[in-house]
Amino acid sequence: MEKRTPVTADSTLFRPGSISKLFTWTSVMQLSEQGKLDLDKDVNEYLDFKIPPAYGKPITLKNIMTHTAGFEEVGRDLFVADVQHLYPLERFLKNHVPDRIFPPGVIPAYSNYATALAGYIVQRVSGKPFEQYVQDSIYTPLNMQRSTFVQPLPENLKPMMSNGYKKASEKAQPLNLSKPIPRAASRPRHGICAIS
């Protein structure tokens with residue numbers, strides 16, 4: 001805005017926000033197709049910690065992917081401005097387990113935590129860091145050379161990253177880092193982009 005730089009599909013990156021969840025779901029489905037994940041199995045069977053029991057029913061990946069895991073949505077600690085405050089997905093998940101406020105499979109309720117949990121399961125089952133799994137299994141096969149989940153943003157992509165505005169009349173804000181919800185930075189395809 002300040003420099004009147006036009007957005008182009010080849011040179012402008014945006015943080016797509018929750019569209020990134022589709023990459024998590026695609027990763028889960030790939031591993032399901034390979035027989036490595038069962039969408040109806042208790043997620044605790046894939047974790048190295050336990051989601052506390054509630055309502056007499058376990059949470060499944062199917063619940064997570066349909067936003068019916070039943071977790072309370074908590075926005076605390078989702079974004080940081082400084083890389084020093086980032087910490088591993090595993091640590092975040094173990095230290096921020098939200099309350100289960102609905103029985104699984106009953107009430108649709110958006111959950112960033114549940115999505116991060118699915119990303120962590122992908123990481124554990126694939127044996128690769130989540131961002132590397134997505135790179136190897138989605139971005140590279142689709143020739144998406146300007147898309148990443150890596151944080152902080154790799155040096156070669158930094159010059160392309162657009163900064164967001166809270167108001168058009170204010171200065172642009174630098175890219176916040178997600179902690180630790182998997183979020184991608186991506187170039188728009190065919191002139192379409194999403195901004196969180």
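Helices (H or I, at least four residues) and strands (E, at least two) are taken here as DSSP runs, numbered from the N terminus. The model is predicted, so local features need pLDDT of at least 70 and side-chain atom pairs count only at pLDDT 80 or more, while totals for chains, interfaces and linings use all residues. Residues are numbered from 1 along each chain as its sequence is written, and side-chain values use heavy atoms, with hydrogens and water left out.

Let's start with helix 4, residues 112-126. Its 15 residues reach 21 Å from the first C-alpha to the last, close to the 21 Å expected at 1.5 Å a residue; the expected span is 1.5 Å times one less than the number of residues. Helix 4 is largely enclosed by the rest of the structure, because 11 of its 15 residues are buried (under 20% relative accessible area, with exposed over 50% and partly exposed in between, using a 1.4 Å probe and protein chains only). Among these buried residues are Asn112, Tyr113, Leu117, Tyr120 and Val122. The cover over them includes helix 1 (21-33), helix 2 (61-65), helix 3 (89-95) and helix 5 (130-139). Just after helix 4, glycine 127 takes a positive phi of about 80°.

Helix 3 holds phenylalanine 92, which is buried at a relative accessible area of 3%. Alanine 116 is itself one of the buried residues of helix 4.

Now turn to two of the covering helices. Helix 1 and helix 5 pack at an angle of about 75°, with their axes 10 Å apart. That makes helix 1 roughly perpendicular to helix 5, a term for angles of 65 to 115 degrees (under 35 is roughly parallel, over 145 roughly antiparallel, the rest oblique). Axes are lines fitted to C-alpha atoms, for helices over the stretch in contact, and angles run from 0 to 180 degrees between N-to-C directions. Contact means heavy atoms within 4.5 Å. Residues including Phe23 and Leu31 in helix 1 meet residues including Phe130 and Ile138 in helix 5.

Finally, look at the loops. Tyrosine 55, between helix 1 and helix 2, has a positive phi of about 60° although it is not a glycine. Most residues other than glycine have a negative phi. Tyrosine 55 is partly exposed, at 44% relative accessibility. Histidine 67, in the loop between helix 2 and strand 1 (79-80), also has a positive phi, near 55°, but is buried at 18%.
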